[in-house]
Amino acid sequence: MKGCLMEIINLGKADGLPPVDWAAVAGKLAAGSAPAPDAANSRTTWLSSVNEDGSPHVTAVGALWLDGTFWFQTGAGTRKGRNVARDPRCSIAVSIRDADVVIEGDAVRVTEPGAVARIAKAWADNGWPAEPDRQRVRASLAPFNAPSQGPPPWNVYRVEPRSAIVTLAAEPGGLTRFRF
């Protein structure tokens, strides 16, 4: 998202709160920031997609922040895989140190071999031994995955962000929407 224009809406202005600094939030996301060890929230990353009947579907995913966006993977036959294939609108929510972040956008299936290899390496560098599926070139493989991902290969998706909402949990506090 480098170089993009951004609209900043301070939702905490009426309460005297300053706008959140997006660069600081993006830096924490890039660093893999986690909540404080004694925090009530956890580091689970949640994907929300739209079911065929229009109802929401929320599930935990092994999403990774890289190059200014979240990446996730899932099997084509899973509910989230079917949902984003039919309707790409989605959101990803995660708690980081001193903040909660929700990114809203469109899930785009990534099929470019170099991009799939790069994200598979990033997952492997973060402890999940993923690698590109050399036969299909468009999916990732690993010796294991969460049962909710379905059988391999797993399709790779990038969330193209439209907006983000950040709620600061530390002083001075803050609630800001960013539109990209």
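Because the model is predicted, local features are reported only at pLDDT of at least 70 and side-chain atom pairs only at pLDDT 80 or more, whereas totals for chains, interfaces and linings use all residues. Residues are numbered from 1 along each chain as its sequence is written, and side-chain values rest on heavy atoms, with hydrogens and water left out.

The protein chain contains 3 helices and 11 strands, where helices (H or I, at least four residues) and strands (E, at least two) are DSSP runs numbered from the N terminus. Read from the N terminus, the order of these elements is β-α-β-β-β-β-α-β-β-α-β-β-β-β. Of the 180 residues, 41% count as buried, a term that denotes under 20% relative accessible area, with exposed meaning over 50% and partly exposed the range in between (1.4 Å probe, protein chains only). The chain exposes about 9,400 Å², of which carbon and sulfur atoms supply 54%; these areas come from the Shrake-Rupley method with a 1.4 Å probe, and for residues only the protein chains shown count as cover. Among contacts (heavy atoms within 4.5 Å) between residues at least 6 apart in sequence, 62% join residues at least 24 apart.

The structure holds 5 aromatic pairs, defined for rings of Phe, Tyr and Trp (its six-membered ring) with centres within 6.5 Å, planes under 30 degrees apart being stacked, over 60 edge-to-face and the rest tilted. In one of these pairs, the ring centres of Trp-22 and Trp-65 are 6.4 Å apart and the planes stand at 70°, so the arrangement is edge-to-face. This pair links distant parts of the chain, since Trp-22 belongs to helix H1 (residues 22-30) and Trp-65 to strand S4 (residues 64-66), 43 residues apart. Both Trp-22 and Trp-65 are buried, and together with Phe-70, Phe-178 and Phe-180 they form one aromatic cluster. Elsewhere, Arg-158 lies over the face of Trp-71, at 5.9 Å from the ring centre; the criterion for such a placement is that NZ of Lys or CZ of Arg is within 6 Å of the ring centre and within 35 degrees of the ring normal.

Strand S2 (residues 45-50) and S3 run antiparallel and are joined by 6 bridges, pairing being assigned if DSSP finds at least two bridges between two strands. Val-50 has Pro-56 in S3 as its bridge partner, and in the hairpin of S2 and S3, with 5 residues between the strands, Gly-54 takes a positive phi near 90°. Thr-59, located in strand S3 (residues 56-61), counts as buried because its relative accessibility is 14%. Beyond its neighbours within four places in sequence, Thr-59 is in contact with Thr-45, Trp-46, Leu-47 and Lys-80.

A cis peptide bond, with omega about 10°, joins Glu-171 and Pro-172, and Pro-172 is found in the loop between strand S10 (154-168) and strand S11 (174-179). Asp-67, although not a glycine, has a positive phi of about 55° and is placed in the loop between S4 and strand S5 (69-74). Asp-98, also a residue other than glycine, has a positive phi near 70°; Asp-98 lies in the loop between strand S6 (89-96) and strand S7 (99-110) and, at 36% relative accessibility, counts as partly exposed.
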